[in-house]
Amino acid sequence: MADLSLNRKLWDSAGKAGAVLGAVSIAYLVITTFMAGKGAVLGGIGGAVLALLLWGVKFAACIYLMKFFMLRYCAGDSEATSRETFRFGRRTALLSALLYSAFVLAFYTLIAPDALASNLDMVISSYSSMLDSNALNQLEQIQNDLPRWMFFSNLIYCYLFGTLVSFFLSRNIPSSDPFDNPNR
């Protein structure tokens with residue numbers, strides 16, 4: 001019974017944390033797509049620097065939020081071990097990755113399919129001089145399957161990244177004071 005309660009608590013807390021982490025990535029996707037679509041991004045080096053800066057902010061925010069939620073989970077459970085903290089982080093990563101990947105699929109198939117098509121057309125036009133007609137035809141044919149590929153690739157990438165971050169953060173969460181509790 002205690003294991004079921006612990007498991008339910010882990011999933012409940014991970015669901016809330018995963019929703020916040022997924023929302024950060026979704027906001028980044030929407031902001032960058034909106035800026036690119038409206039032409040608000042500066043051309044050349046300025047646009048690249050702005051895009052890199054936004055990505056860096058999202059990257060740092062995701063790591064910070066993962067640490068924040070892991071600390072918060074441990075603060076709510078005085079018996080939490082590093083292993084339980086890692087399981088919490090891994091579940092948070094899974095739910096966050098699932099939410100973000102589902103949004104990417106919906107975004108590029110239902111909400112803004114023209115954004116993906118315009119990006120792919122830009123790539124095709126950029127590399128058309130280097131590719132033969134067969135390669136260009138293949139690029140045009142994958143356009144319909146690209147959102148599904150993006151779903152699975154984002155799901156795998158985000159889950160693995162979140163699991164790795166959780167692994168490293170859980171080593172010191174809860175505090176690894178050797179004199180505090182020798183059973184941890």
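Predicted model: local features only at pLDDT ≥ 70, side-chain atom pairs only at ≥ 80, totals over all residues.
A residue counts as buried when its relative accessible area is under 20%, as exposed when that figure is over 50%, and as partly exposed in between.

Let's start with the rings. Searching the whole structure turns up ten aromatic pairs. One of them joins Phe86 and Phe167: the ring centres sit 6.1 Å apart and the planes meet at 85°, so this pair is edge-to-face. It's a link between distant parts of the chain, with Phe86 in helix α3 (residues 82-111) and Phe167 in helix α6 (residues 146-170), 81 residues apart. Phe167 also pairs with Phe168, again edge-to-face, at 5.3 Å centre to centre and 70° between the planes.

| Residue | Relative accessibility | Class |
|---|---|---|
| Phe86 | 16% | buried |
| Phe167 | 37% | partly exposed |
| Phe168 | 53% | exposed |
| Cys74 | 11% | buried |

Phe167 lands in the middle class because its 37% falls between the 20% and 50% cut-offs.

Elsewhere, ring pairs tie Trp55, Phe59, Tyr157 and Phe161 together into a cluster.

Now for the cysteines. How many disulfides does the count come to? Take Cys158, which is in no disulfide: the nearest cysteine sulfur belongs to Cys62 and is 8.1 Å away, whereas a disulfide needs the two sulfur atoms within 2.5 Å.

Methods. Residues numbered from 1 in each chain as written. Heavy atoms only, no water. Phe/Tyr/Trp six-rings, centres within 6.5 Å; stacked < 30°, edge-to-face > 60°. Helix = DSSP H or I, 4+ residues; strand = E, 2+ residues; numbered from the N terminus. Buried < 20%, exposed > 50% of the residue type's maximum accessible area, 1.4 Å probe, protein only.
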